Amino acid sequence: MSERYRNRIELLQGTLDLLILQTLLWGPQHGYGVSRAIRANSGDLLQVDAGSLYPALHRLEKKKWIGSDWKISENKQEVKVYRLTAAGRKQLMKERSRWEQISDAIGGILNPAK
Amino acid sequence: MKFWWLWRKREKELEKEIQHHLQMAATERKERGATFREAQAGARREFGNVGLVKDVTRDAWGWRWLEDLHDDARFGARMLLKNPGFTVVVILSLALGIGATTAVFSVIYGVLVNPYPYANTDRMVHLTVHETRGNPLFINLNGPQLQQLRQAGSVESVAAMGGWNLTTTEGDLPEDVRAVYLTSNAFIYLGVPTLLGRGLLPSDAPEGQDPENVAVLGYQFWQRHYNGDPGIVGKKIQLVHKSYEIVGVVRPRFTWGDGEVYLPLKLTADPARTYFPMTRLKPGVTRRAANAELQSLLEQFAKQTPSHFPEHFHVTLAGLNDHFVERIGGTLYLLLAAVALLLLIGCGNVSILLLARGTAREHEMAVRSAIGAGRSRILRQLLTEALMLSLAGAAIGVALANGLLKLIVNWLPEFSFPHEAAIGINLPVLLFCVGLALLTGIVFGISPALRSARPDVAQVMQSSTRKMTAGVHSRRTHSVLIAGQIALTLLLLAAAGVAMRAFVSVVKVNLGYDPHNVMPVGIPVHDHTYTTWEARGTYFHQLLKKVSEIPHVVSAGLSTNATPPNNGWELRFEISGKPAEEEQRARINFVSPEYFQALHIPLLQGRIWNEDETMHGAKLALINQTLARQYFPDGDALGSAIRVPELKGEPPLALAVAGSDGWFQVVGIVSDARNDGLRNPIMPAVYAPYTVMMPVWTQILVRTRIPPLGVLHAVREQIHTVDPDQQTDRDVLDLDGRIKHEPEWEQGHLIATLFAGFAILALALAATGLYSVISYAVSRRTGEFGIRMALGASPKDVLLIVFRSAVMSVAGGVLAGVLLTITLNRVLARWIQGSSLDALILAGVVLLLVATAGLSCFIPARRASSVDPTVALRCE
C-alpha cells in the first residue's frame, strides 16, 4: 500500500509542488485549505489526496521553500498554517517557466503548425 | 534524548494537523447538509488511511533510518534469540578476545604508557651510568655536587632525596616508618598537589638552617596509621622521640620513593653524605646531548669522591620508566600478542559462524529481495545484527576484562612496575575496546552480508530446496578460516608450553639452601646510633644472641647483605699470587658463623670462623664451590688469600674493620647456593664475618620449628629488650614466600598461567569453530547422506566423507602453525626468558590439537552417520 502512495508522489512531484507554491502565493493557508483551493481553482478537476499533500508540504518545508506557524483558529483550535518564503517565491518562478515550456512543447506536438 | 523529544513533538504536531484537516472536511460536509455521522465518515473516506498518510509524511522528515534501525534491531534480536547456540558462541568468542585484550592493554597503558602523576615526566631522568660491562648504576651525589649539577646547561631543575627508616615511638613496640627526605623544592619539582594541607615548601628548609620539624604523610600510611583521619593536618607525629607537625597528606598516586612520611631534607656540605638526585632536563634537550654534557661533569665528580663512582663509566641518563619497560615491557607486549591472537581466533569463529548463517539464510534473503527489499536495506539489516552481537560481546568483554585485570595486577612482579601506576579500565582503554568491537562487527558482519545481499534470486528460488551444500567459494573461505584458526592456536599452545616449562624449571631449581621455616627479619639502624665499630659489632651480636634464645628458634644467623636467592655485593676481587688476566667478580657476603647452619648450606672443606674471631673482625673468608672450581682448579683454595680492594668503610654510615681492603685468608669452602636469582648460574661467592663491614641495616635469619612468622612477635619483643627504639622491617616474608616474590618466579608465573589460560581458551574457540563448520556442513548434507545410505553406503563411509572434508584444513593449519612457531621461536625465546622450543613440546602440542580437532569432527560426523535414511530423505 505504501508503495502505491510513494509512486504517486513521485509522479506528481514537480506538478504538485508547483500547485502548492502557487496556492500559497495568494496568502498563508493550512493544509486542508491548500487542498480545497487546488480543487476549487481547477474546477473540481484536480483532487489532491492527503497521502500526497502532507508529504509534499513537509518536504517543501524541509527545503525551506515554505514556512509554517501555529495559529489559533476561529473555533479556538491550534492550526498549522503554511506560508511562502522568499526562496519559495523564487522556486515558484522557476517551476512556472519550466511548466510553461513543457506545456508549450506538448502543445506544439499536439497541434503541429498549420 | 533531545532528539527523542523533538521526534515526539513533531509526531504530536502531525497528529494535530491531520485531525484539523478531518474536522474541516467534516464541517464542510455538514454545511452541505450531511448528518454528523455521514460527514465524519465521508471525511475519513476521502482522506484515506490515516496511519499510512502519517507514515509517508514522516518519510519526508528524512528520519526514516531511525525507525528502520529500531525495526532492524527488533528483528535482529528475535533472530538471535531463535538461535541461542549461535548467539552464545559468537558473543562469547568476541567477549573472550575483547576482554583479554582490554585487560592486557589496560595494564600496558597503566604501567608503560602513563604510569606517573608527576609534571613533565618525559623530561625527568635518573642519573645512571654504565660501567664498561654490566648493569646501569644509580649515581648518588653529595651536597656540593648537586649544586653544581643544578648549573649544568641541559638541566632545568634538580631536587634530591634521601631515605631512612624511622620509627614511631608512641606505641608498645616501635613501628617501622619509611621516611623520605626531600629537598624543599621537590614538591614543586614533582608538581602534584596534595590531598590535604600542603606539601613541603622552601620555607621548611631555609638555607643554612636546620629544617623545620614538619612532615607530609604518605597516603597509605595515613590510611593505615590514622584510619584516614580528615582532621590530621596540624596534629603531631613522634618519630624517634622527635615531634613533627603534620602539614599535609599526599594523593594516593604520589608514592615517590615509596615514602610513608616526607620530611624536609637539608643538603649538607659533608662530602661523604650523598643524596639521590632528581633531575629534569630543559625542554628540547636530547638525552644524548645531556649525556655528553654530564659525562665531563661526572668525571670531575669522580675525581672528588672516587668511592662513589665506578672506575670507568659513561653517563646514560634513564627515563623514569626505562627500568620498568626493560623489566616488564617485553612480558606485557608478549601477553598483548597472545591476547591479540586470542582475539583473532575469536573473530575467526565469529566470521565462520556469520558466514555459515549467511549461506543458510540465502533463501530468506532471496525472498526478501524478490518482494522488493533494496540491497542496502538487506545489508543494513545484516550489519545491525552483527553490530548487536559485537556490542553484546564488548559489554561482556569489559566485565571479563575487569576480572582478568585484577588477576594480572595481583600477579605482576611487585618491583617490576612503578607503584604510582593506576591500573584500571580507564577511558582510552574503554574506547579502544568499543572501537575494537565495532570494527570486528563491521569487518566480519559485512563480508557475509556483502555476499548474501546480492543473491542470484532466480537460482536460489528455483533450487526449491533449502538444504543444499554451500558453494565452492564459501567452502574455501571456511577452510582458510579454519586453517588459520588452527595455526594461531598451535602457536599459542606452543608458547604456553614453552612458558610453562620455563616456569617449571624456575620452580624446580636446585636452590642449594633450605628456605623452609626460615624468615629474615630486617633491622634498620637509627641515624647517629652505634657509630663506632666496636659498639655496632657488640650491638649486632647482642641482637643475635637474644633472638637465638626464643624457644621455637632452632638457629639464627646474622647476614647483612645475604638473603638468598639474590645476595652479596658484586665486587672485584684479587687472589694472592695469581694476578688476574681479566676482571674477577664475586658476590661478597657478610654473615655470622650460624648463617650456614640456619640455611642448611653444608661446609665442604676447612672450617668456619668462630664467635671470638667474629668479634675481633678476623680477616677470614669462606668461598663457594663455584669460586673454588673456577679460580682454584688445582684444589689449593684453602690457605690462599683473597682481597677486595673496594671494601672500604664510610663512617658514620658503613663501619668497616681496620684493613678491610686487605688480604683475607680462605679457611673453608661451602656448597653452592643460589645467589643471582633463580635462573642465572650461581656466581662465585665470598663469605666474610659480618663485623668486616657493618652498614646501617642488617638482618637476622631465623630458623624455627614451627612456621616462622608465628615467632615474629617474639623476635620483635626480644630486639626491643636490647634497644627499646629498635624496630624491624614491617613486611616480613619467610624465605619460601620470598622465592615467590623473585622477579623470575613472578614473571614466570604470570606468563605461564596466563598463556596456559589463553591457549586453552584458544583451543576451545578453535574447536568450536571447527565443530560449527562441520555440523553446519553436515546438516546441509543430510539429504545427500540419506541418498548415499539408501544406495548402500555404510555409516562408516559417511563418517569418512565428513572427516575427509576437514582433513585438508586441519592438516594445512597444523603445518602453517608449526612453521609459524619455528619462525617466531627466536622472538619467543627472547621474551620468555630461559625458554627454548623443542621437538617434545611441539609434538605434544600438535598431538593435543589434532586430538581436539578429531573430536570436534567426530561428534557431528557420528550424528550424520547415524541418521536414518528414510528420515533424512523425508526431511526436505
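## Starting at one alanine

Is B:A793 buried, exposed or partly exposed? In this predicted model, B:A793 counts as partly exposed because 16 other C-beta atoms lie within 10 Å, a number between the limit of 12 or fewer for exposed residues and that of 20 or more for buried ones.

You can find B:A793 in the loop between α23 (782-790) and α24 (795-831) of chain B. Apart from neighbours within four places in sequence, its contacts are B:R788 and B:V798. Now look for B:S865: this residue is 72 residues away from B:A793 along the chain, yet their C-alpha atoms are separated by 9.7 Å.

B:S865 brings us to helix α25 of chain B, which covers residues 839-865. How far apart are the end C-alpha atoms of this helix? They are 37 Å apart, which agrees with the 39 Å that 27 residues should span at 1.5 Å a residue.

## Domains and cores of chain B

The domain assignment divides chain B into five parts: domain 1 (2-62), domain 2 (64-115 + 327-464), domain 3 (121-320), domain 4 (472-513 + 736-876) and domain 5 (518-733). Between the C-alpha centres of domain 2 and domain 5 of chain B there are 59 Å.

The largest nonpolar core has 169 residues. Which of its residues touch the most other members? They are B:L342, B:L492, B:V686, B:V702, B:F758 and B:A762. Taking B:A762 as an example, and not counting residues up to four places away in sequence, this alanine touches B:L341, B:L342, B:I345, B:T489 and B:L492. There is also a second, separate core of 51 residues, which includes B:Y181, B:A215, B:I246 and B:L263.

Chain A has 114 residues, and 28% of them are buried. Its 4 helices and 3 strands follow the pattern α-β-α-α-β-β-α along the sequence. Among the contacts in chain A with a separation of 6 or more, 52% come from residues 24 or more positions apart.

How many residues of chain B are in contact with chain A? There are 18, and they meet 19 residues of chain A. On the chain B side, α1 (2-31) and α3 (50-60) are the elements that give two or more residues. By class, that side has 8 nonpolar, 5 polar and 5 charged residues.

## Backbone details to look for

Most residues other than glycine have a negative phi, and most peptide bonds are trans. Here are some exceptions in chain B. A cis peptide bond, with omega about 10°, joins B:P564 and B:P565. B:P565 sits in the loop between β16 (553-558) and β17 (569-572).

Two histidines have a positive phi: the value is near 65° for B:H528 and about 60° for B:H600. B:H528 is in the loop between β15 (518-524) and α16 (533-548), and is exposed, with 8 other C-beta atoms within 10 Å. B:H600 belongs to the loop between α17 (594-599) and β20 (603-606); with 17 other C-beta atoms within 10 Å, B:H600 is partly exposed.

Technical notes: Residues numbered from 1 in each chain as written. Chains lettered and ligands numbered in written order. Predicted model: local features only at pLDDT ≥ 70, side-chain atom pairs only at ≥ 80, totals over all residues. Expected span 1.5 Å × (residues − 1). Contact = placed C-beta atoms within 7 Å. Nonpolar A, V, L, I, M, F, W, Y, C, P; charged D, E, K, R; others polar. Core = buried A, V, L, I, M, F, W, Y, C linked by C-beta atoms within 7 Å. Domains from an automatic or database assignment.
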